[in-house]
Amino acid sequence: EQIKKLNPDVVTLDIEMPKMNGLEFLEKIMRLRPTPVVMVSTLTQSGADVTLQALELGAVDCVGKPVGGVTAQEAFADLTAKVKAAARARVKPYNGPIIPVERDRDYRASDAILAIGSSTGGVEALMTILSHFPDTCPPTVITQHMPATFTKSFAARLDKISGAHVTEARDGDRLQAGHVYIAPGGDAHMEVTSSSHPVIRLRQGEPINGHRPSVDALFESVAKLNRPAVGAILTGMGRDGAAGLMSMKKAGARTLGQDESSCVVYGMPRIAFEIGAVERQVGLSRMGPSILNLCAVADTHRSA
């Protein structure tokens, strides 16, 4: 009743409510009256699964309730920034779950490494992109800003809709074609190092651009590999990833940025574009095929 009466810029929504749970309410509001929503959730494994469902339904972002000695002031430290970002977010009506598309069974990847960075709005973006990926996709490393308890569940959800094998990255994983590695949230930056074969390293360190793991840390490490690479920067607030994508471009990588109209928050891709790090801006619906074309074995029938 208050939403109808006041038409708020942003709604904060608890998963656990009387009469109707938060997911049911969220689906109704996103179908009938799309509004920027920030979810308030317990940062438990079950809470992570439900919150990921909420982000798939169209919630802009999430914030965790205080647990285990964490004060409310600490837990909600970034709530103000998330609400302000949500107020600027582009939300669309919910039209049902993302369905895997028909994939190219003849796709052959080159030896390029694909690195992707995303933040606010990245759940929908990554699900849309990876739904295009066949089991012969390039080795792919992804840093998505997300709480530590969420990334394993998120990798499992991506694995179900993609032809690729999607997992939460572990220190020492050797990059393989057909595999996608999601940076674990929380304590370390994910980087790629190489002697004879690219390997994932989870490096302890201070946050970069306020984030750990940081997209810049991933992109900078790929830029140093001296091998073919493709970088893509997706929806998100802030500037994390822009400088790293520029380093990749200077090292010879092909680079893409999500365009403004398809971003939930046009922050990270905007900064990257403004500093010249983005070779081409692409809408979300075309991002998956565009990435795959850039990573494909040269073929006269393909165009990048």
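This is a predicted model: local features need pLDDT of at least 70, side-chain atom pairs count only at pLDDT 80 or more; totals for chains, interfaces and linings use all residues.
Seven strands form an open sheet, with parallel pairing, in the order β6-β7-β5-β4-β10-β11-β12. At its edges stand β6 (165-168) and β12 (280-282); each has a single partner strand, so one side of each is left without a neighbour in the sheet. From one strand to the next, the twist averages 20°. Strand β11 (residues 254-258) and β12 run parallel and are joined by three bridges, and here Gln258 sits opposite Val282 of β12. Helix α7 (residues 151-161) touches β5 (140-144), β6 and β7 (179-182), and its direction makes about 175° with that of β6. Helix α8 (residues 215-223) touches β4 (113-118), β5 and β10 (229-233), with its direction at about 165° to that of β4.

Next comes the second largest pocket, which has a volume of about 370 Å³. Two or more lining residues come from each of α1 (2-6), β1 (11-14) and α2 (22-32), and α2 gives the most, with four. The lining includes Ile3, Val11, Phe25 and Arg33. Sorted by class, it has seven nonpolar, four charged and one polar residue.

Finally, there is Asp61, which lies in strand β3 (residues 61-64). Its relative accessible area is 13%, so Asp61 counts as buried, the cut-off being under 20%. Leaving aside residues up to four places away in sequence, Asp61 touches Val37, Val38, Met39, Leu55, Lys82 and Thr120.

Terms used:
Residues are numbered from 1 along each chain as its sequence is written. Side-chain values use heavy atoms; hydrogens and water are left out. On a 1 Å grid over the protein atoms alone, a cavity is a set of points where a 1.4 Å probe fits but cannot get out, and a pocket is an open set with protein on both sides within 12 Å along at least five of seven lines; lining residues have an atom within 4 Å of a point. Grid points are joined across faces, edges and corners, and a volume is the space filled by probe spheres set on the points. Ala, Val, Leu, Ile, Met, Phe, Trp, Tyr, Cys and Pro count as nonpolar, Asp, Glu, Lys and Arg as charged, and the others, Gly among them, as polar. Buried means under 20% relative accessible area, exposed over 50%, partly exposed in between (1.4 Å probe, protein chains only). Contact means heavy atoms within 4.5 Å. Two strands pair if DSSP finds at least two bridges between them. Axes are lines fitted to C-alpha atoms, for helices over the stretch in contact, and angles run from 0 to 180 degrees between N-to-C directions.
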